[in-house]
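This report describes a protein chain for a reader who has its sequence and its structure at hand. Please keep both in view while reading.

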Amino acid sequence: MSSKKTTSKLDEEQKVEKAVVETASSKTTTAPTAAVKKQKKEPTKEKKTKAKTATTKKTEVENKGEEEEEAYSTGKQAEINIGTIGHVDHGKSTLVKALTGTFPDTHSEELKRGITIRLGYADTDIRYCTKCPDPQKWTTQTICPHCGSETKVSRRISFVDAPGHEVLMATLLTGAAIFDGAILVIAANEKCPQAQTREHLAAMDAVGIQNIIIVQNKVELVSEEQALKNYQEIKNFVKGTVAENAPIIPMSAVHGANLDVLIKTIEEVIKTPKRDEKKDPRMFVARSFEVNKPGTPPENLLGGVLGGSILQGVLREGDEIEIIPGTRFGKKYVPIRTRITSIHAGTLGKVREAKPGGLMSIGTEIDPAYTRSDNLVGNIIGKPGKLPPVLEELTFQANLMDYVVGMSEKTKVKNLAINEQLMLNVWTAITLGVVTNIKKGNIVTVRLARPVAAEAGTRVAISRRIHERFRLIGFGIIQ
Ligand SMILES: Nc1nc2c(ncn2[C@@H]2O[C@H](COP(=O)(O)OP(=O)(O)OP(=O)(O)O)[C@@H](O)[C@H]2O)c(=O)[nH]1
Ligand SMILES: [Mg+2]
Ligand SMILES: [Zn+2]
């Protein structure tokens, strides 16, 4: 690589980090003003447009831009979110493409640079053939590739595709907040572990994800002997971690080799947890957008869209909702009150209500300027007055790691210090903060640059700046 190229790459990286930190710190917005136009028509009567099948793949952007009113999907919503994690370029996005048919990198900047910057997502039905044996019976296709018979749906799954680049740990942690399980992708043609292989696995520990499957990817690039050596490296690396007993599946994501074994393993290892639909709804915002194309006349503008996942309860079209901490008005954050104008269940399409699990997005009456460019990531959505408190200060019990795992050099994690600046991830929110107090038993108080909604027992991922970059150093439990 020429030195010029190295310099420009560094500049790029600094830009990305700046963006991440900016999101994490202060953002100047004004309070929500008058709502924009309601979604075209009141969504009461179902239009007789062509019924969409469960396998139709459309992005929300495309859906919203359609002139004709979209029909409600008859398919079943995704039940769980599975994250893809691992070092840069090890094949996470390619694996999601192999599983769902959709390459999750949708932003042009990502495609240009060839790395995932934001969270990508895609859904698929997990299906099985009733005539073929295990594991060949497992597929995502409607027709069995082995015997040609029609397959049956087991359940629908959302994939949250995380970026592997070291400056994008904050994005990974935002995504991890809504994972039910994770696939750790490790390339067989590189020594294991690479820096973010370690850091991402530590992140699963920090946010409390236990259901992990390891994909040993790109195996077609190495000899059998090298593959075995790499397998041993993986085994040694996971020893003593949350992934100690995780299944390791050799694969070639580009060729879809061993996909049936992976699907079978997903069914066995990452089960749908019990959800409570009766509780007050709570949705974590992991992405936020504006879906209007440039030049849309004001009377046709659609309100801001929020994407994420519901932890508990049900959200319905037409519901009055509150979004906290909301948006900044002067020095304070004010909650946003709005109404749900539409719901999309991942790539399944439009639905009347959304249940816990799986990725979904809601259309609102908020001015889209507030939701543009992931501006509202980290917020929590629920019924007005029924959400956890918004805190300007967090007190948590800190559990620090022995060593910093995100770098190639081995560095000990020093104790936290008064006045030290930290980056904290709380559910999908990211904030900077300053340590103001440390009590016996590692009970740490941090004054936040930006308030977060949280309650006792919530986990906090703790990162500190080391050599100009935030590195994960441990986690805390809010007191
Ligand atoms: N030979 C081979 N190449 C693969 C395989 N899987 C992925 N690749 C290639 O590896 C490169 C990186 O793949 P991605 O899927 O973008 O990797 P990623 O882990 O999503 O990368 P980031 O999002 O940037 O962290 C691409 O050129 C892929 O075509 C595989 O099984 N075999
Ligand atoms: Mg990727
Ligand atoms: Zn079959």
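How many bridges join strand β17 to strand β22? In this predicted model, seven bridges link β17 (residues 390–400) with β22 (residues 443–453), and the two strands run antiparallel. Within this pair, T395 stands opposite T445 of β22.

Both strands belong to a barrel, which six strands close in the order β17-β22-β21-β20-β23-β24 with antiparallel pairing. On average, neighbouring strands of this sheet are turned by 45° against each other, direction ignored.

| Helix | Strands touched | Angle of directions |
|---|---|---|
| α5 (residues 169–176) | β20 (421–426), β21 (429–439), β23 (459–466), β24 (469–478) | about 30° with β20 |
| α6 (residues 195–207) | β23, β24 | about 20° with β24 |

Among the buried residues are H200, L201, A202, A203 and M204. The cover over the buried residues of α6 includes β1 (80–85), α5, β5 (181–187), β6 (212–217), β23 and β24. Just after α6, G208 adopts a positive phi of about 85°.

The chain as a whole comes to eight helices and 24 strands. Of its 479 residues, 49% count as buried. Among contacts with a separation of 6 or more, 73% are between residues 24 or more positions apart.

Definitions and conventions:
Residues are numbered from 1 along each chain as its sequence is written. Chains are lettered from A and ligands numbered from 1 in the order in which they are written. This is a predicted model: local features need pLDDT of at least 70, side-chain atom pairs count only at pLDDT 80 or more; totals for chains, interfaces and linings use all residues. Two strands pair if DSSP finds at least two bridges between them. Helices (H or I, at least four residues) and strands (E, at least two) are DSSP runs, numbered from the N terminus. Axes are lines fitted to C-alpha atoms, for helices over the stretch in contact, and angles run from 0 to 180 degrees between N-to-C directions. Two residues are in contact if their C-beta atoms, placed from the backbone, lie within 7 Å. A residue is buried if 20 or more other C-beta atoms lie within 10 Å of its own, exposed if 12 or fewer, and partly exposed in between; C-beta atoms are placed from the backbone.
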